[in-house]
Amino acid sequence: YRYVLQCQSKPLVSLNEELEFADAYLFLHKVRLGNCIAWHTNIPIEYTEYLLPPLTLQLLIENVIKHNSISTSKPMTILLKIEDNQLIVSNPITPKKSSESSGIGLKNLSNRYKLIIGQDISIINKDNKFTVKVPFAYE
């Protein structure tokens with residue numbers, strides 16, 4: 001909650017700040033779900049100071065947890081990497097039986113990106129893999 005309060009007045013934060021918060025957020029879910037959720041990051045150090053709207057990663061992780069069945073028999077690994085100067089967040093799709101998506105979270109993220117950065121995010125649901133590409137802001 002401290003991070004949420006600290007960043008609420010900032011239009012942009014560094015990728016490093018987002019990664020630190022997302023790591024803590026994922027830790028809390030590991031306590032709840034067990035050791036069946038993980039993420040792998042392949043982020044070159046030179047990208048850690050790139051900027052993006054706050055809570056971007058939290059929303060994307062929350063989206064994975066909300067819409068996928070995650071258990072010890074169905075572990076989830078979220079992959080973060082950089083491609084074409086964009087942050088790529090992807091995960092395999094293991095849908096919950098009663099999971100209907102309103103798409104509001106990703107629509108809100110898309111609207112924030114258009115408003116703050118002037119660019120849209122890309123959402124790709126293909127080959128049993130869900131991927132979101134988010135551009136960085138340049139000040």
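This is a predicted model: local features need pLDDT of at least 70, side-chain atom pairs count only at pLDDT 80 or more; totals for chains, interfaces and linings use all residues.
Residues are numbered from 1 along each chain as its sequence is written, and side-chain values use heavy atoms, with hydrogens and water left out.

We may begin with the helices. Helices (H or I, at least four residues) and strands (E, at least two) are DSSP runs numbered from the N terminus. Two packed helices are described by the angle between their axes and the distance between the axes. Here the axes are lines fitted to C-alpha atoms, for helices over the stretch in contact, and angles run from 0 to 180 degrees between N-to-C directions. The axes of helix H2 (residues 15-33) and helix H3 (residues 56-67) come within 8 Å and cross at roughly 30 degrees. H2 and H3 are therefore roughly parallel to each other; angles under 35 degrees count as roughly parallel, over 145 as roughly antiparallel, 65 to 115 as roughly perpendicular and the rest as oblique. Their crossing is right-handed, a term for a near helix turned clockwise from the far one by less than a right angle, whereas anticlockwise is left-handed. In contact (heavy atoms within 4.5 Å), H2 contributes residues including Phe-21, Tyr-25 and His-29, and H3 residues including Gln-58, Ile-61 and Ile-65. The residues of this contact comprise ten nonpolar, three polar and three charged. In this scheme Ala, Val, Leu, Ile, Met, Phe, Trp, Tyr, Cys and Pro count as nonpolar, Asp, Glu, Lys and Arg as charged, and the others, Gly among them, as polar.

Gln-58, a residue of H3, is buried at 15% relative accessibility (buried means under 20% relative accessible area, exposed over 50%, partly exposed in between, with a 1.4 Å probe and protein chains only). Not counting residues up to four places away in sequence, Gln-58 touches Glu-18, Phe-21 and Tyr-25.

H3 also packs with helix H4 (residues 104-116), their axes coming within 10 Å and crossing at roughly 160 degrees. These two helices are therefore roughly antiparallel, and the crossing is left-handed. Among the residues in contact are Leu-59 and Asn-63 of H3 and Leu-109 and Tyr-113 of H4. This contact divides into five nonpolar, three polar and one charged.

Turning to the aromatic rings, a search of the whole structure finds four pairs. Rings of Phe, Tyr and Trp (its six-membered ring) pair if their centres lie within 6.5 Å; planes under 30 degrees apart count as stacked, over 60 as edge-to-face and the rest as tilted. Tyr-50 and Phe-136 have ring centres 5.1 Å apart and planes at 80 degrees, so this pair is edge-to-face. Tyr-50 is partly exposed at 24%, whereas Phe-136 is buried at 1%. Ring pairs link Tyr-47, Tyr-50 and Phe-136 into a cluster.

Asn-91, in strand E5 (residues 86-92), is buried at 3% relative accessibility. Leaving aside neighbours within four places in sequence, its contacts include Val-64, Met-76 and Phe-130.

Finally, most residues other than glycine have a negative phi. Asn-85 has a positive phi of about 55 degrees and is partly exposed at 36%. Asn-128, with phi near 60 degrees, is exposed at 53%.
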